[in-house]
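Please keep the sequence and the 3D view at hand while reading the points below.

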Amino acid sequence: LKVEFVKFGPIASVKIMWPRTEEERSRNRNCGFVAFMERQGAVDAKNEMNGKVLNGFDLRIGWGKAVVLPAEPIYPPPSGDIA
């Protein structure tokens with residue numbers, strides 16, 4: 001997630017929720033969350049990445065709940081590499 005989403009701006013956090021039970025695995029629904037330091041990065045990522053396929057998974061992107069932002073991003077984009 002970091003590699004694909006950092007293109008849109010500094011990332012505050014990334015969480016991947018792996019299925020824990022056989023029932024969760026059989027539904028074939030995985031879930032991940034990416035929080036950006038700035039809202040515009042999130043807007044751009046949502047607009048560009050929604051509906052794309054990443055590692056064999058169809059991305060369905062929506063708005064999640066707000067999270068506390070760290071003082072510094074955990075994944076700053078490489079210089080000049082923001083979409």
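Of the 83 residues of this protein, 19% count as buried. The model is a predicted one. It contains three helices and four strands, and these follow one another along the sequence in the pattern α-β-α-β-α-β-β. The C-alpha trace spans about 40 × 25 × 20 Å along its principal axes.

- Helix 3 covers residues 39–49, and its buried residues are Gly41, Ala42, Ala45 and Met49.
- Seen down the helix axis, these buried residues fall within an arc of 100°, so they line one face of helix 3.
- The face turned away from that buried side carries the exposed residues Arg39 and Asn47.
- Met49, which lies in helix 3, has a relative accessibility of 8%; Met49 is therefore classed as buried, because buried means under 20%.

**Charged side chains**

- Side chains of opposite charge can pair when their charged atoms come close.
- How many salt bridges does the count give? The count comes to one salt bridge.
- This salt bridge joins Glu4 and Lys7, whose closest N and O atoms are 3.2 Å apart.
- Glu4 is partly exposed, with a relative accessible area of 25%, and Lys7 is also partly exposed, at 35% relative accessibility.
- Arg39 takes part in a contact of another kind: its charged end sits over the ring of Trp63, 4.5 Å from the ring centre.

**Aromatic rings and the nonpolar surface**

- A pair of aromatic rings is described by the distance of the centres and the angle of the planes.
- In this model, the count of aromatic pairs comes to zero.
- Which residues form a nonpolar patch on the surface? The patch is made of Leu1, Ile16 and Trp18, which together have about 320 Å² of accessible area.
- Trp18 is placed in the loop between strand 1 (11–17) and helix 2 (22–26).
- Is Trp18 buried or exposed? Its relative accessibility is 59%, and Trp18 counts as exposed because the cut-off for that class is over 50%.

**Residues after helix 3**

- Asn50 is found in the loop between helix 3 and strand 3 (53–54).
- With a relative accessible area of 40%, Asn50 is partly exposed.
- Asn50 and Arg60 are ten residues apart in sequence, and their C-alpha atoms are 5.3 Å apart in space.
- Met49 and Arg60 are eleven residues apart along the chain, and 8.3 Å separates their C-alpha atoms.

**A positive phi in a loop**

- Most residues other than glycine have a negative phi, and most peptide bonds are trans.
- What is the phi of Asn55? Asn55 has a positive phi of about 55°, although it is not a glycine.
- Asn55 is placed in the loop between strand 3 and strand 4 (57–58).
- Asn55 is exposed, with a relative accessible area of 71%.

Terms used:
Residues are numbered from 1 along each chain as its sequence is written. This is a predicted model: local features need pLDDT of at least 70, side-chain atom pairs count only at pLDDT 80 or more; totals for chains, interfaces and linings use all residues. Side-chain values use heavy atoms; hydrogens and water are left out. Patches are made of residues with over 30% relative accessible area and no salt bridge: like charges are joined within 9 Å, nonpolar side chains (Val, Leu, Ile, Met, Phe, Trp, Tyr) within 5 Å. Accessible areas come from the Shrake-Rupley method with a 1.4 Å probe; for residues, only the protein chains shown count as cover. A salt bridge is a side-chain nitrogen of Lys or Arg within 4 Å of a carboxyl oxygen of Asp or Glu. Helices (H or I, at least four residues) and strands (E, at least two) are DSSP runs, numbered from the N terminus. Buried means under 20% relative accessible area, exposed over 50%, partly exposed in between (1.4 Å probe, protein chains only). Rings of Phe, Tyr and Trp (its six-membered ring) pair if their centres lie within 6.5 Å; planes under 30 degrees apart count as stacked, over 60 as edge-to-face and the rest as tilted. A charge sits over a ring if NZ of Lys or CZ of Arg is within 6 Å of the ring centre and within 35 degrees of the ring normal. The arc is that of the directions from the helix axis to the C-beta atoms.
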